[in-house]
Amino acid sequence: MDPARGTEAVIERAAVVLEGERISWLGPAAQAPAADAVHDAGGRAALPGWVDSHTHLVFAGDRSAEFAARMAGESYSAGGIAVTMEATRAAGDYDLTRLLLARRAEAAAGGTTWLETKTGYGLDVEQETRSARIASSVVDDVTFLGAHLVPDGIDADEYTDLVCRPMLAAVRPYVQWADVFCERGAFTEDQSRRVLTACRDAGLGLRVHGNQLGPGAGVQLAVEFGAASVDHVNYLSDGDVRALAASWVGWNRETGTGTPGTVATCLPACDLSTRQPLAPARELLDAGVEIALASNCNPGTSYTSSMAFCVATAVLQMELSVSEAVRAATYGGALALRRHTGNDVDGQRAVGSLAVGHRADIHLLNAPSAAYLAYRPGMPLTAAVWRAGERIPGAGASS
């Protein structure tokens with residue numbers, strides 16, 4: 001799945017040589033150099049590890065009753081975040097860390113080798129800083145989402161000022177990204193603009209929760225600010241699609257070179273849980289927009305870290321080919337986190353694709369091809385997982 005080989009590239013009867021955390025060689029097995037140890041994949045398919053670029057994993061509490069009510073016909077609103085906020089604030093550091101480590105291990109067991117997560121369930125300076133600090137010790141990329149919801153009893157503009165000043169300053173040592181929930185019931189266009197401006201000025205990369213519950217300003221703001229991604233994208237106008245496509249004019253999709261634009265991150269597990277229309281992934285790809293698939297694992301609207309489920313849904317219900325869906329869940333996620341480049345020359349190792357010099361993140365399927373992810377949906381197909389060249393104990397069931 002090296003993007004420079006084209007979107008349909010598959011090497012049959014292949015071998016991959018790992019040296020430390022890097023891939024040092026890959027190609028036809030008959031031409032492979034000698035190695036200290038050999039793992040015979042037995043004809044199974046090997047993919048890049050999943051890159052899950054959108055999760056909310058630092059939380060305590062349970063919202064299964066809310067889910068059941070929604071399945072019985074109640075509509076989703078952003079207000080349920082407050083329920084998780086109360087439980088998260090009440091939990092101690094030990095419990096939050098233990099829960100996050102368990103969720104990280106769950107994701108890894110299903111083939112996820114690079115993981116982003118957000119703050120956003122603390123919603124005051126002390127609690128958001130605590131969430132960022134805990135997350136930074138466990139996951140690969142941390143996103144500041146103090147602008148997740150305005151807590152009850154606080155003026156929205158005053159809370160936006162809190163996010164943009166003392167809260168941002170406090171979390172800054174622990175985070176690489178900032179996000180804002182630009183949506184009805186959350187933050188207005190003006191408030192979102194203030195958050196994005198402050199976080200950009202603080203040197204953070206930007207992302208946006210946008211156009212989830214209806215048409216809105218999220219996509220346009222994301223493109224205007226050069227955000228790395230805009231996530232959800234369920235309700236898009238023709239103008240939104242054109243704006244996203246225009247952000248990619250300096251990018252060569254086949255070679256993976258040039259200047260990347262704003263990735264449209266689709267969250268199909270969330271769409272199913274909230275009974276929103278599935279994001280128009282096919283339309284976006286056809287317009288020239290790079291897309292990512294992510295789990296959006298969170299307690300209210302998508303309590304799963306199964307990227308395989310997201311891939312299967314994208315193929316079966318979103319009109320993507322298998323290779324397009326796998327690319328979106330690996331290389332697309334890396335693009336959304338700007339982790340798609342790096343080799344032995346610059347010292348940063350790319351994730352989300354298999355190429356010499358990239359990080360050795362490999363997901364071995366108990367199947368002869370990636371098509372089985374959608375051909376046998378819901379089946380436990382992970383055979384083994386390597387992250388940064390180390391096999392993850394207990395992941396999969398390869399003999």
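Modeller: Welcome! Rings of Phe, Tyr and Trp (its six-membered ring) pair if their centres lie within 6.5 Å; planes under 30 degrees apart count as stacked, over 60 as edge-to-face and the rest as tilted. By that rule, this structure holds five aromatic pairs. It is a predicted model, where local features need pLDDT of at least 70 and side-chain atom pairs count only at pLDDT 80 or more, while totals for chains, interfaces and linings use all residues. Residues are numbered from 1 along each chain as its sequence is written, and side-chain values use heavy atoms, with hydrogens and water left out.

Colleague: Why is the pair of Tyr 159 and Phe 187 called tilted?

Modeller: The ring centres of Tyr 159 and Phe 187 are 6.3 Å apart and their planes meet at 40 degrees, so the pair is tilted.

Colleague: What makes Tyr 159 count as buried?

Modeller: Buried means under 20% relative accessible area, exposed over 50%, partly exposed in between (1.4 Å probe, protein chains only). Tyr 159 has 0% relative accessibility, so it counts as buried. Phe 187, at 2%, therefore counts as buried too.

Colleague: Why is the pair of Trp 248 and Trp 251 called edge-to-face?

Modeller: Their ring centres lie 5.7 Å apart with planes at 75 degrees, so the pair is edge-to-face. Trp 248 and Trp 251 are both buried.

Colleague: How do you know that the charged end of Arg 103 sits over the ring of Phe 59?

Modeller: The test asks for NZ of Lys or CZ of Arg within 6 Å of the ring centre and within 35 degrees of the ring normal. The charged end of Arg 103 sits over the Phe 59 ring, 3.5 Å from its centre. Phe 59 also forms one aromatic cluster with Tyr 121 and Tyr 303.
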